[in-house]
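Subject: Structure handover and findings

Hello,

I am passing on a structure that is new to you. Please open it first, then read the notes below.

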Amino acid sequence: MDLPVTPPVRPMLAKSAARIPAGMHYEAKWDGFRAIVFRDGPEIELTSRTTKSLTRYFPELVAALAERLPERCVLDGEIVIARDGRLDFDALTERIHPAESRVRTLAERTPASFVAFDVLALGDASLLDAPLTERRARLEDALAQASAPVHLAPATTDAELAHRWFEQYEGAGLDGVVAKPLDLRYRQDERLMVKIKHERTADCVVAGYRFHKSGPVVGSLLLGLYDDTGTLQHVGVCAAFTMKRRTELIAELEPLRTDAADGHPWAAWTDGAAHEKSRMPGATSRWTGKKDLSWVALRPERVAEVAYEHMENGARFRHTARFRRWRPDRTPESCTYAQLDEPVSFDLADVLR
């Protein structure tokens with residue numbers, strides 16, 4: 001490729017904030033695969049946040065981008081898949097598959113879209129040093145005639161509207177809001193934007209833990225919620241402890257240690273078929289590969305309050321949860337899915353419109 005900005009490019013990043021700041025440029029925060037799109041005539045390349053190629057996994061997007069993008073450009077955006085009017089991250093992860101035949105089948109069954117929110121180059125001009133206001137204007141011109149599955153991300157400078165987006169768009173599966181200074185230059189791999197994400201809390205049963213990669217201290221706690229049948233479903237993990245706290249947790253949880261095969265709700269975790277009936281820790285996937293998935297079983301008697309952003313398909317935490325406190329006032333049996341908030345449904349088509 002002969003572009004003014006060439007691979008590898010690491011996307012500009014965002015740091016977290018608790019509130020939406022005033023006086024900035026606002027966009028929705030998409031829950032997909034961050035991607036830089038390079039187009040030089042017939043050549044198109046999609047690269048990930050870590051600069052790895054995503055091109056082979058989204059053949060339908062390559063064709064769509066060739067029809068809808070300027071002849072020579074570099075765009076920053078998000079690859080997403082929508083299902084039933086909301087983003088579906090699970091469908092997206094299924095694409096990272098070694099078999100080309102499987103990828104093409106999924107491309108037909110659940111086609112992806114690309115949502116563009118920044119432009120790094122157009123024609124022979126690099127826009128890395130142009131302020132955000134100029135880049136946004138150039139992006140709007142470049143995508144003025146674009147159509148699905150290529151979309152221009154909605155944007156505003158109205159903080160009140162950004163607050164409404166924050167509340168409404170969660171119902172379509174979006175993560176929150178991103179705020180950017182109006183004069184922001186594009187700086188690779190620097191956290192110069194601000195992200196404001198949804199956060200809720202849930203009381204979960206702690207039924208095990210994994211060791212930390214550094215040694216015999218707690219790496220993460222394994223969390224569960226009871227479903228309508230009384231089955232304890234694995235919903236995720238919480239982590240981000242200090243090393244001192246990781247060491248303390250080993251001693252604190254020692255009285256609860258038990259043999260995983262001795263009546264534990266997840267005793268069948270080594271049986272691959274059992275994972276098809278209920279959610280348990282230890283399921284292998286294309287992401288875990290040969291990673292050690294063993295864990296230490298605990299009697300499911302302690303309850304922890306954790307903070308999470310949102311649920312994936314109503315079954316598990318989308319990201320690692322954050323430990324808040326122990327809840328000695330809660331019984332494990334009271335930790336059910338019924339406690340979780342459900343965002344009001346909002347059609348993704350209304351976001352992209």
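Start with V103, which lies in helix α3, residues 100-109. Helices are DSSP runs of H or I with at least four residues, strands are runs of E with at least two, and both are numbered from the N terminus. This is a predicted model, where local features need pLDDT of at least 70, side-chain atom pairs count only at pLDDT 80 or more, and totals for chains, interfaces and linings use all residues. Residues are numbered from 1 along each chain as its sequence is written, and side-chain values use heavy atoms, with hydrogens and water left out.

**Helix α3 and its cover**

V103 counts as buried because its relative accessibility is 1%. Buried means under 20% relative accessible area, exposed means over 50%, and partly exposed is in between (1.4 Å probe, protein chains only). Setting aside neighbours within four places in sequence, V103 is in contact with R56, Y57, P59, R95 and H97. Contact means heavy atoms within 4.5 Å. P59 is 44 residues away from V103 along the chain, and their C-alpha atoms are separated by 8.2 Å.

Which residues of α3 are buried? They are V103, L106 and A107. These cover an arc of only 105° around the axis, so they sit on the same side of α3. The arc is that of the directions from the helix axis to the C-beta atoms. The face turned away from that buried side carries the exposed residues S101, E108 and R109.

The cover over the buried residues of α3 includes α1 (59-68). In α1 itself, P59, E60, L61, A64 and L65 are buried. The buried residues of α1 pack against several elements, among them α3, β3 (33-40), β5 (72-80) and β8 (113-122).

R327 lies in the loop between β20 (321-326) and α7 (348-352). Is R327 buried or exposed? R327 counts as buried, because its relative accessibility is 14%. The side chain of R327 makes a polar contact of 2.6 Å with the side chain of D329. Another polar contact, of 3.3 Å, joins the side chains of R327 and D203. A polar contact is a pair of N or O atoms within 3.5 Å; within protein, one must be able to donate a hydrogen and the other to accept it, and residues adjacent in sequence count only if both atoms are side-chain atoms. Not counting residues up to four places away in sequence, R327 touches D203, V303, A304 and E305.

A239 is found in strand β16. A239 is buried, because its relative accessible area is 17%. Beyond four places in sequence, A239 touches G219, S220, T320, A321 and F323. V218 is 21 residues from A239 along the chain, with 8.7 Å between the C-alpha atoms.

A240 lies in the loop between β16 (232-239) and α6 (243-253). A240 is exposed, because its relative accessible area is 69%. Its phi is near 65°, a positive value in a residue other than glycine.

**Backbone points to check**

Most residues other than glycine have a negative phi, and most peptide bonds are trans. D84 is not a glycine, yet has a positive phi of about 55°. D84 is in the loop between β6 (82-83) and β7 (86-87). D84 counts as exposed because its relative accessibility is 76%.

Where are the cis peptide bonds? One joins P7 and P8, with omega about 0°. P8 is in the segment before β1 (13-16). Another runs from A148 to P149, with omega near 15°. P149 is found in the loop between α4 (132-142) and β10.

**The cavity**

How many cavities of 30 Å³ or more does a search of the whole structure find? The search finds 1. A cavity is a set of points, on a 1 Å grid over the protein atoms alone, where a 1.4 Å probe fits but cannot get out; lining residues have an atom within 4 Å of a point. The largest cavity has a volume of about 40 Å³, a volume being the space filled by probe spheres set on the points. Its lining is Y308, E309, H310, F317, R318, H319, T320 and R322.

Best wishes

Definitions and conventions
On a 1 Å grid over the protein atoms alone, a cavity is a set of points where a 1.4 Å probe fits but cannot get out, and a pocket is an open set with protein on both sides within 12 Å along at least five of seven lines; lining residues have an atom within 4 Å of a point.
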